[in-house]
Each structure stands twice: as structure tokens, then as C-alpha cells.
Amino acid sequence: MDKFLGNKKAVMLFTLPSLLLFGGLLLVSVVFSFYYSTLEWNGIGEGVFIGLDNYIEMFRNTIFDKAILNSFLLCVFTLAIQLPLALILALILASHIKGEVFFRTVFFIPVTLSTVVVGQLWLKIYNPNYGVLNELLKMIGLEQFTQNWLGDVNTALFSAFVPIIWQNIGYHMLLMYTAIKSIPKDIHESAQIDGATGVKAAFKITIPLILPTIKTCAIFVITGSLKAFDMIYVLTNGGPVNSTEVPSSVMFNSIFVINRYGYGSAMAIFIVVECIAIAFILQRFVKTSPIEY
């Protein structure tokens with residue numbers, strides 16, 4: 001097996017069919033979406049070519065502008081909260097704590113649940129009449145803070161962010177945990193001899209060695225935030241008063257609610273280009289050089 005995997009020509013030969021199929025379908029989808037984005041089309045009749053008018057209208061749409069801002073806010077919150085929490089959990093679990101396998105499984109369970117299930121769970125938590133969150137605030141004497149979390153324009157957006165962040169912490173935690181476990185033991189042993197233990201070892205040895213994995217997680221987090229849709233759709237469907245709209249939800253409504261397939265396709269192309277551009281920038285300019293030890 002090692003000899004076979006070391007043969008690059010053999011590996012390429014067996015992966016080429018899947019690569020061509022996946023790449024072909026992706027390319028065809030993007031090309032057709034771009035073509036549809038140049039049309040005024042309802043998805044049924046004959047489309048009328050209008051050039052880049054859909055793109056011009058898209059950027060003049062204040063709701064879509066708000067949706068773009070919301071997606072960038074989600075990027076900031078996931079990078080600032082989700083990744084650090086995932087890293088801390090991975091470091092703790094990889095330190096051979098008691099019940100390591102149990103806690104690793106528990107933290108990963110939300111990832112295995114469908115978004116609809118998680119969304120319905122948090123709808124019950126946020127319910128203004130019998131939700132766990134408001135009831136807990138009442139129990140500890142903070143009744144003045146109880147409110148309709150998903151129904152108030154001032155709290156709906158950040159309330160919708162919480163389930164998204166919560167559900168995916170376990171996914172990034174597992175990636176980082178696996179990377180930490182793959183670090184040779186002799187490196188940690190050498191660090192201990194030199195007096196690097198605990199937090200110092202984490203910052204000087206562990207984290208620098210798993211920087212490529214952290215960068216991969218950051219790319220997943222950013223692109224996932226930019227194309228977020230399902231959780232927002234389940235929780236608020238873009239409301240109240242468009243305060244929780246994201247580009248994918250505006251695209252969905254444009255295509256399937258008001259039947260403007262060309263206009264929605266322009267938004268789809270924007271989301272694809274945006275994700276590819278940011279992923280390229282991170283890969284190109286964020287360096288993950290190995291540590292000098």
C-alpha cells in the first residue's frame with residue numbers, strides 16, 4: 001500500500017475520474033448560473049438578455065447590502081468565538097484528561113444533528129413565553145432582560161449567530177484535536193525537559209505546529225459564514241424586518257419566492273466569487289511557517 005500511495009501517477013490515474021466528474025459538474029453549474037444571471041427570467045418562459053443589469057440592481061439593493069454586512073459580522077463572531085473555543089477544547093482534551101473519549105463525543109454530537117433539528121431546539125430555547133433562556137433569567141432574578149430574542153430587531157441577528165457557532169464548535173475542535181494528537185511525542189518530551197509545560201508548551205510548541213490546521217479551520221469558518229443559509233432560514237427566515245438576512249437567504253427568496261431566477265443567479269455568482277476570493281487570499285497571504293525548535 002505504501003508503495004502504491006508513493007506512486008503519483010497511479011494515484012492520479014485513480015483520482016482523475018472523480019476529479020473530472022466533480023470539477024465538470026462544478027464548472028458547468030457556475031457557467032450556467034452566470035449565463036442565467038445575465039437574463040431577466042422567471043425560470044419558466046423565455047429569458048431576456050439584460051447584460052449586467054442584475055448585478056447593478058443587486059448592489060443597489062439595500063437589503064442585499066445589509067445581508068452582506070450580516071455575513072461579515074458572522075465571520076467576525078465565528079473567528080473570534082468559535083475557533084478559540086474549539087482550540088481550547090482541543091488542547092484540554094488532548095492533554096489526556098479523564099473521560100477524554102466521552103467529552104470528545106459529547107462536544108461532537110451537535111455536528112451530527114441536522115440544522116433543522118438544531119434550529120428547532122434553539123427556537124424552543126428562545127421562545128418568549130416558555131423558553132429556557134427567559135425562564136433561567138427569571139430564576140436568577142433578571143426578569144428585566146427577558147425578551148423576544150428572535151422577534152426583536154435589536155437581538156435577532158446575534159441570537160441567530162449563537163446556534164451557528166454552537167453547532168460547529170465540535171467540528172473544528174475535532175480537526176484541531178486530531179492535529180495535536182499527530183504531533184510526535186518526542187517533541188513534547190523534549191519541551192518538558194527544557195521546562196515548557198502547560199500553557200507555555202501550548203503557545204510555544206502545540207499551537208505553532210498545528211497552524212496549518214487552524215488556517216484550514218479559518219477558511220471553513222469564513223466561507224461557511226459567507227454562504228450561511230439553513231440556520232437563518234429555520235430560525236428567522238431573514239426577519240424581523242430583514243434584520244437577519246444573509247446573501248443566501250436573499251438569493252433564495254429572489255429565486256423561489258418572487259421567481260426572479262436571473263436576479264437570484266447574480267447573487268449566487270457573487271457568493272461563489274466572494275468565497276473563492278477570500279479562500280485564495282488566506283491561502284496566499286497567511287503564512288504557517290513551522291516553528292524553530
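The paragraphs below follow the aromatic rings through this predicted model. Residues are numbered from 1 along each chain as its sequence is written. Local features need pLDDT of at least 70 and side-chain atom pairs count only at pLDDT 80 or more, while totals for chains, interfaces and linings use all residues, and side-chain values use heavy atoms, with hydrogens and water left out.

The structure holds 20 aromatic pairs, where rings of Phe, Tyr and Trp (its six-membered ring) pair if their centres lie within 6.5 Å, and planes under 30 degrees apart count as stacked, over 60 as edge-to-face and the rest as tilted. One of them joins F34 and Y55, whose ring centres are 6.5 Å apart with planes at 40°, so this pair is tilted. F34 belongs to helix α2 (residues 8-37) and Y55 to helix α3 (residues 53-60), so that the pair links parts of the chain 21 residues apart; helices here are DSSP runs of H or I with at least four residues, numbered from the N terminus. Y55 is buried, at a relative accessible area of 14%, whereas F34, at 42%, is partly exposed (buried means under 20%, exposed over 50%, partly exposed in between, with a 1.4 Å probe and protein chains only).

The rings of F77 and F158 also form a tilted pair, because their centres lie 5.1 Å apart and their planes stand at 50°. Since F77 lies in helix α4 (residues 62-93) and F158 in helix α8 (residues 156-181), the pair ties together parts that are 81 residues apart in sequence. F77 is partly exposed at 28% relative accessibility, and F158 is partly exposed at 37%.

Elsewhere, ring pairs link F32, Y35, Y36, W41, F229, Y233, F252, F256 and Y261 into a cluster.

Definitions and conventions
Helix = DSSP H or I, 4+ residues; strand = E, 2+ residues; numbered from the N terminus.
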